[in-house]
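Take a look at the sequence and the 3D picture below. Then we'll walk through a few of the details together.

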Amino acid sequence: MDLYRKTIWQLRELLDRGEIKPEEVLDSVLRRIEEVNGKINGYITVLEDYAKNQIEKGLPEGPLSGVPIAVKDNICIKDQLTTCASKILYNFRPPYNADVTERLLNAGAVICGKTNLDEFAMGSSTENSYFGPTRNPWNVECAPGGSSGGSAAVVSADACIAALGSDTGGSIRQPASFCGMVGMKPTYGAVSRYGLVAFASSLDQIGPMTKDVRDCAMLLNVISGYDRRDSTSLKFDRPDYTKALTGEIKGIRVGIPSEYFGEGLNQEVADAVKKGIEYLSSSGAEIIDISLPHTDYAVSCYYILATAEASSNLARYDGVKYGYRTEKSSNLIDMYFKTRGEGFGAEVKRRIMLGTYALSSGYYDAYYAKAQKVRTLIKEDFDKAFEKVDVIVTPTSPTTAFKIGEKADDPLQMYLSDIFTISVNLGGLPAISIPCGFDSKSLPIGFQIISKHFDESTLLRCAYFLEEKFAVKDKKPPL
Amino acid sequence: MNYEAVIGLEVHAQLLTKSKIFCSCSTQFGSEPNTQTCPVCLGMPGVLPVANREVINMAIKTSLALNCKINNYGRFARKNYFYPDLPKNYQISQYEEPLSEHGYLEIDVNGKRKKIGIVRIHIEEDAGKNIHENVVDGSYVDLNRTGVPLMEIVSEPDINTPEEARAYLTQLKNILLYLEVCDCNMEEGSLRCDANISVRPVGQKEFGTKTEIKNMNSFSNLQKALEYEIERQVDILQDGGRIVQETRLWDPSSGTTASMRSKEEAHDYRYFPCPDLVPVVVDEEWIENIKKTLPELPDEKKQRFVSQYGIPEYDAGVITASKALADYYEKVAAIYNDAKKVSNWVMGELLRLLKEDEKEISDILITPENFASLLQLIDKGTISGKIAKTVFEEMYKNGKTPDEIVEEKGLEQVSDEGEIAGIIDRVLAENTKQVEQYLGGKEKVAGFFVGQVMKATSGKANPGLVNKILKEKLEAMKNK
Ligand SMILES: [Zn+2]
């Protein structure tokens, strides 16, 4: 029995009936990791001893009891390496757990590894990692997307049952789309950021990356909820998200934003997404044309705000207290310069410089303050749209997976691959990407659904319905 | 040409919360390095600050006492700069949206009352401390103090003399102590003061170029530093020079200020709203609830003392300058009904002894009850006023009751007329030369006899009786 192929809910049934044991599941997954990780480089650290130890100590009863889960390597696990794929944190072991880590452990999950990412979650291809790029299981010449490319690749390659990623501008949804699996960015404030190493605090959100929509709902049940250690965490009534998976979508009002279906959108992607809209329409959903007029400004707005916050968030990596410190330095300033110069990769440096510039006196009003205003306009676009519709559907990414190295020298082109996902982070909204088909090169295409704040249930309802219609989830990458 | 100074003070007060501003670590002073830290105040990757409500309560309390307008919407900002004792390399502070603004505080200088405006009050986190002494292989960092809550109170440039600056800081300290929001210990750094200072010809409206002075860690240092800096600036201007805008450090040992950094080296702090913290929304209800907890403030208390106890304004001012002293005074006055006599003793003996020992009223061993019963012993004639001072000192040292001390030391006043008369006879007999002088018309000599009698009785003779009997005897000799 290839247990590693299973979903959370399938394992749940087998485990609950006593047909299999957690050790067997873990063994199966560990063997699979050994088999494929050399090809995809999805893990930075495989937590074999940690996971075995968890099982030996006895797992708590819970919805994930006995299920191996991987987490992105910018999420803290007490005493385990948390590198953010950066040289500057290559040896960092936090003395604390992230809130989501605690929730996973309390739910009985077996944490089996830390996955690769673009350094400090900055990137759209998982090429910017100190530990080397991750490869797309559907075509190892291609990038898995980013920055949660490691999590996407290992879930897609069945090298874990499910994973957590983090999404600042599309970092869960775009790689989910490239790797043909399900990835969700919850409402900002629904999942605690405590213990997630910050990239851009006002945009970052942890979310589930799973093999199907049911697993996504199950994982969201575990990781979401109020945390007093995160002041942006919100108190809300958390429903059982699996209850939303009814297959029924009659009467749901679906908005199609004209701005997302224009120039630059790959034709095969457009066709696949349009097929999804037809499924919705023919099953009783109401299709409504809407407009999100400030979409054009989203990418520039995002890159100002995100880099500004990042420049400040990453200031703490200075070699004084932990992490990498330069070998030789002549004085304090020299130590700062060399530590940061040697410790950070090119993309991170580029963003720190952009952000520092955007915040500097004389440019603050022209860039940072203006971007804040644009952010408000983008939020208002969504508010207006959601007066008329329950969900908005779009492609997740304008293209399917690109070749590794293809956009590495053209950051602007790279930034545009998040063009459909970024506005959602600026608005703090929940959104999901599910696979909706394949292009002529057999690379997966992603379908994005966006809903109102804290309306993850409607989101999952639509996603579940479409997943059944698209019927591509059982197709496996050729590894 | 005559010059006048224009001074604005920035005061940092450490708030007396039990825990730090963004985590639950203790704020206690003087612990072993890095024993009062956690991932949050160490600024470790992934951890997040959560604002301590008590910090905001205390800052609101202060804002109300300083007549400030409280902003309903306050935001924390990040002030970015690299420094080894600043773990995140930014400080969480308030910038464009401080907690409160536009207040004032009143001072008395040379009998004149003056209003000093408050520009703003904001809250922020403290940094840690770099340790360079007794370290062999570099420098160490102690982060116990990082995240300790500070309140910054910025005055308008309404202060014109070093005396006014001192009065302002004294009055501010007094108010903070009354509010119990800061222990105002300048040596331990829980109250710190920087000054912006410029001079201009009297009558000129525009401000001169200012300098900022740091490191004045006592009231007298503040005054001396300002005096020095005013003179320095005036000298430069009189010699036709120009003042350089810069930060200067006060050096108490040399009594001078020296340049620390000039404006050209000033930082660009790249302030922006801290995305980890939600805005502080202070509604009317919150403010009203804190208003209810406001104690009587120094000025109010002083006026009440004048009207309730009938003591002079001067006395009331001295006694209410410290809340603890005022509380003590009131306890004594509640038992002993001559409030003026109490204030005389408090201002005279008590403050003298405390000052000599450099002690606080909180250290005192004399209970209000014992204080009152000492005064009653004088009234009853059990001891003289002079002996009472000796008894008071004894009470101050060991906390015993006055009765115990009087008995132990046999200090009870001699009021036996026969005994006193006998001693006087002896004194007169032993000092015939002085008796002759007296009889010859030099009546001042009487004081000498009194002194001798007192000496003979170790001061215990009832002075009224001594005077009366002596006079009788001397008159009798005269008429003989
Ligand atoms: Zn702490």
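## Where the two chains meet

Together, chain B and chain A bury about 2700 Å² between them, and 59% of that is on carbon and sulfur atoms. (Buried area is the accessible area, taken with a 1.4 Å probe, that two parts lose on being put together, summed over both.) This is a predicted model: local features need pLDDT of at least 70, side-chain atom pairs count only at pLDDT 80 or more, and totals for chains, interfaces and linings use all residues. Residues are numbered from 1 along each chain as its sequence is written, chains are lettered from A and ligands numbered from 1 in the order in which they are written, and side-chain values use heavy atoms, with hydrogens and water left out.

How many residues of chain B are in contact with chain A? There are 29 of them, and they touch 38 residues of chain A, where contact means heavy atoms within 4.5 Å. You'll also find 16 residue pairs in polar contact between chain B and chain A, both partners at pLDDT 80 or more. A polar contact is a pair of N or O atoms within 3.5 Å; within protein, one must be able to donate a hydrogen and the other to accept it, and residues adjacent in sequence count only if both atoms are side-chain atoms.

On the side of chain B that touches chain A, β4 (76-80) and β15 (272-273) of chain B each supply at least two residues. Helices (H or I, at least four residues) and strands (E, at least two) are DSSP runs, numbered from the N terminus. That side of chain B splits into 20 nonpolar, four polar and five charged residues. Here Ala, Val, Leu, Ile, Met, Phe, Trp, Tyr, Cys and Pro count as nonpolar, Asp, Glu, Lys and Arg as charged, and the others, Gly among them, as polar.

## Salt bridges

A salt bridge is a side-chain nitrogen of Lys or Arg within 4 Å of a carboxyl oxygen of Asp or Glu. The structure holds 52 of these salt bridges over all chains, and the rule finds one across the interface of chain B and chain A.

Inside chain A, Lys473(A) and Asp212(A) form a salt bridge at 3.3 Å, N to O. This pair links distant parts of the chain, 261 residues apart: Lys473(A) is in the segment after α15 (456-470) of chain A, and Asp212(A) is in the loop between β6 (205-210) and α7 (213-223) of chain A.

## Crossing helices in chain B

Now for α2 (residues 162-179) and α5 (residues 298-309) of chain B: their axes come within 10 Å and cross at roughly 85°. Axes are lines fitted to C-alpha atoms, for helices over the stretch in contact, and angles run from 0 to 180 degrees between N-to-C directions. So α2(B) and α5(B) are roughly perpendicular to each other. (Angles under 35 degrees count as roughly parallel, over 145 as roughly antiparallel, 65 to 115 as roughly perpendicular and the rest as oblique.) Among the residues making the contact are Tyr178(B) of α2(B) and Pro298(B) of α5(B).

## A curious loop in chain A

The peptide bond from Gly146(A) to Ser147(A) is cis, with omega near 5°. Ser147(A) sits in the loop between β3 (110-115) and α5 (149-156) of chain A. Ala121(A) is in the loop between β3 and α5 of chain A, and has a positive phi of about 65° although it is not a glycine.
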